[in-house]
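Me: I am learning to read protein models. Please take me through this one, step by step.

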Amino acid sequence: MRYLELADLHYSPARKEDFKNIFQNILNAADDVDFCVFPGDLFDRTVYADEDLNTLLDLMTELLSKVPCCGTCGTPGHENRSMYKSLENIGFVLLEPAVEYGFFKDFGIKKTNGELVPQVLIYG
């Protein structure tokens, strides 16, 4: 089982061209993993406008077409749960604190329910 951990990417609309270049490396690396984890600070600052998220949504949609992805909110001063709503709408799993999730080869990342045994446990 292989996963890619992508902490502290700090997406900012002001740096979207740099972010596209960085994300191209992530997309290439995703060919060799089973899932990706974003353990906080995906965003550099609070982002509310949809047009500010378009680049990130396009890149994440491409990544999600390759592998399941999950993550947690990072620094409360510039990241909040509502910023992840658009990502959740395209299939990104935002992990809830103290909740057990699993990576299931056939189903992706889901909350565990005791009925199926995941290949990997993930805690929010």
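Me: What is the strand order of the open sheet of 3 strands?

Reply: This is a predicted model, where local features need pLDDT of at least 70, side-chain atom pairs count only at pLDDT 80 or more, and totals for chains, interfaces and linings use all residues. Residues are numbered from 1 along each chain as its sequence is written, and side-chain values use heavy atoms, with hydrogens and water left out. Helices (H or I, at least four residues) and strands (E, at least two) are DSSP runs, numbered from the N terminus, and two strands pair if DSSP finds at least two bridges between them. The pairing here is antiparallel, and the order is S6-S5-S7.

Me: Which are the edge strands of that sheet?

Reply: An edge strand here pairs on one side only. That holds for S6 and for strand S7 (120-123). The edge strands are S6 and S7.

Me: How many bridges join S5 to S6?

Reply: S5 and S6 run antiparallel. Gly102 stands opposite Lys110 in S6. The number of bridges joining S5 to S6 is 4.

Me: Are the rings of Tyr3 and Phe35 stacked or edge-to-face?

Reply: A pair of aromatic rings is described by the distance of the centres and the angle of the planes. Rings of Phe, Tyr and Trp (its six-membered ring) pair if their centres lie within 6.5 Å; planes under 30 degrees apart count as stacked, over 60 as edge-to-face and the rest as tilted. By this rule the model has 8 aromatic pairs. The centres of Tyr3 and Phe35 are 5.5 Å apart and the planes are at 15°, so the pair is stacked.

Me: How many residues apart are Tyr3 and Phe35?

Reply: Tyr3 sits in strand S1 (residues 3-5). Phe35 sits in strand S2 (residues 35-38). The pair links distant parts of the chain, 32 residues apart.

Me: Is Phe35 buried or exposed?

Reply: Buried means under 20% relative accessible area, exposed over 50%, and partly exposed in between (1.4 Å probe, protein chains only). Tyr3 has 46%, so it counts as partly exposed. Phe35 has a relative accessible area of 2%, so it is buried.

Me: What kind of aromatic pair do Tyr11 and Phe19 form?

Reply: Both Tyr11 and Phe19 are buried. Their ring centres are 4.9 Å apart, with 75° between the planes. The pair is edge-to-face.

Me: Which residue meets Glu17 in a salt bridge?

Reply: A salt bridge is a side-chain nitrogen of Lys or Arg within 4 Å of a carboxyl oxygen of Asp or Glu. The structure holds 5 of them. With 3.2 Å from N to O, the partner is Lys20.

Me: How far apart are the closest N and O atoms of Lys111 and Glu96?

Reply: Lys111 forms a salt bridge with Glu96. The pair links distant parts of the chain: Lys111 in strand S6 (residues 108-111), Glu96 in the loop between strand S4 (93-94) and strand S5 (100-104). Lys111 is partly exposed at 45% relative accessible area, and Glu96 is partly exposed at 28%. Their closest N and O atoms are 3.0 Å apart.

Me: Where is Pro39?

Reply: Pro39 is partly exposed, with a relative accessible area of 35%. Contact means heavy atoms within 4.5 Å. Leaving aside neighbours within four places in sequence, Pro39 is in contact with Glu5, Leu6, Ala7 and Thr72. Its place is in the loop between S2 and H2.
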